[in-house]
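I opened a notebook for this structure and wrote down each thing as I looked it up. The entries follow in the order I made them.

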Amino acid sequence: MDWVDIGNMLIAAVAGGASVVAARLYGTRRAELRVSFEHVPVGGDALPDDHVSVALNGQMLEAPFLVTLSLTSTGGSDISSSHFDALKPLQIHFYGPPALAPVRVLAITHQDGIRVELGDETSAVAIPPQLLKARRRGVASVLVDGEPRAIEVGDLVGVNIVVRGHRASVASARLVPGELRMHLAAWSGLVFWMAAVIWSLVAGNWVLATIIFFGGILFALWI
């Protein structure tokens with residue numbers, strides 16, 4: 001065994017160890033929350049007729065709509081309570097005509113797979129801190145007075161929020177110290193991995209380079 005082989009082994013050991021430590025301590029796939037909604041008038045097409053009226057607790061409603069709110073954790077990692085800023089609920093506001101005025105939220109009529117509450121304001125619902133498993137979907141039915149044309153979703157720390165396929169402004173742009181360590185660790189592991197592969201190729205050790213290359217890819221997919 002010459003010095004080149006010893007160097008290959010040392011580089012591979014350092015790269016593998018650094019990658020394992022970085023992945024175990026800080027490594028994670030980006031969490032993402034996809035929010036969408038659909039709405040139908042209460043009473044269907046018969047509602048515009050002057051002979052049809054809807055009341056809630058004795059109060060007449062001008063334009064009641066039933067909103068189906070869908071929240072799906074579409075990222076590679078779970079969304080936990082720690083992603084909620086200061087453990088405050090995630091607020092979702094509804095807006096409609098004219099000029100995107102606030103739409104009054106009346107009640108949460110159904111929820112499945114997610115906990116939803118009335119928000120701090122009359123035009124909002126709130127998602128309290130909870131665990132949203134990756135690739136799981138939660139649905140809630142919300143009764144509102146007014147046709148909702150748009151929604152505004154608050155921020156979750158370190159989570160990309162996508163509303164109807166469009167990326168929203170999210171708190172993930174503000175990296176907290178833990179996220180900075182995560183990014184630094186991920187980039188350090190990548191640099192070590194690339195250095196180990198290049199070193200092995202330069203030394204002519206194709207077997208070791210192949211093992212490090214595909215081993216790194218499989219490990220990245222696993223975490």
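**Entry: Pro89.** I looked up how open Pro89 is. Pro89 is partly exposed, because its relative accessible area is 34%; buried means under 20%, exposed over 50%, and partly exposed in between, with a 1.4 Å probe and protein chains only. I placed Pro89 in the loop between β4 and β5. Strands here are DSSP runs of E with at least two residues, and helices are runs of H or I with at least four, numbered from the N terminus.

I then listed the contacts of Pro89, where contact means heavy atoms within 4.5 Å. Leaving aside neighbours within four places in sequence, Pro89 is in contact with Phe84, Ala126, Ile127, Pro128 and Pro129. I also checked Gly154. Pro89 and Gly154 are 65 residues apart in sequence, yet 9.1 Å apart in space, C-alpha to C-alpha.

**Entry: what I am reading.** I noted that this is a predicted model, in which local features need pLDDT of at least 70, side-chain atom pairs count only at pLDDT 80 or more, and totals for chains, interfaces and linings use all residues. Residues are numbered from 1 along each chain as its sequence is written, and side-chain values use heavy atoms, with hydrogens and water left out.

Entry: I turned to the backbone next. Most residues other than glycine have a negative phi, and most peptide bonds are trans. Where is Leu87 found? Leu87 is in the loop between β4 and β5. Phi of Leu87 is near 55°, a positive value in a residue other than glycine. Leu87 counts as exposed, because its relative accessibility is 55%.

I found a further pair of notes in the loop between β5 (90–96) and β6 (101–102), where Pro98 lies. The peptide bond from Pro97 to Pro98 is cis, with omega near 0°. Ala99 is found in the loop between β5 and β6. Phi of Ala99 is near 55°, a positive value in a residue other than glycine. Ala99 is exposed, because its relative accessible area is 79%.

**Entry: the cores.** Which residues have the most contacts inside the largest nonpolar core? They are Leu33, Val35 and Ile92, in a core of 29 residues. Such a core is a set of buried Ala, Val, Leu, Ile, Met, Phe, Trp, Tyr and Cys residues joined through side-chain atoms within 4.5 Å. β1 (31–41), β4, β5, β9 (124–127), β10 (137–145), β11 (150–153) and β12 (159–163) each supply at least two residues of this core. I noted a second, separate core of five residues, which includes Ala196, Val197, Leu208 and Ile212.

Not counting residues up to four places away in sequence, Leu33 touches several residues, including Leu71, Thr72, Ile79, Leu90, Leu132 and Val162.

**Entry: Thr72.** Thr72 is found in strand β4 (residues 64–73). Is Thr72 buried or exposed? Thr72 is buried, because its relative accessible area is 17%. Beyond four places in sequence, Thr72 touches Glu32, Leu33, Arg34, Arg136 and Arg137.

**Entry: Gln111.** I ended on Gln111, found in strand β7 (residues 104–112). Gln111 is partly exposed, with a relative accessible area of 37%. Not counting residues up to four places away in sequence, Gln111 touches Val116, Val139 and Ala140. The side chain of Gln111 reaches the backbone nitrogen of Val116 at 2.7 Å. Gln111 and Thr68 are 43 residues apart in sequence and 9.5 Å apart in space, C-alpha to C-alpha.

How values were computed
Polar contact = N/O pair within 3.5 Å; in protein donor to acceptor, adjacent residues only side chain to side chain.
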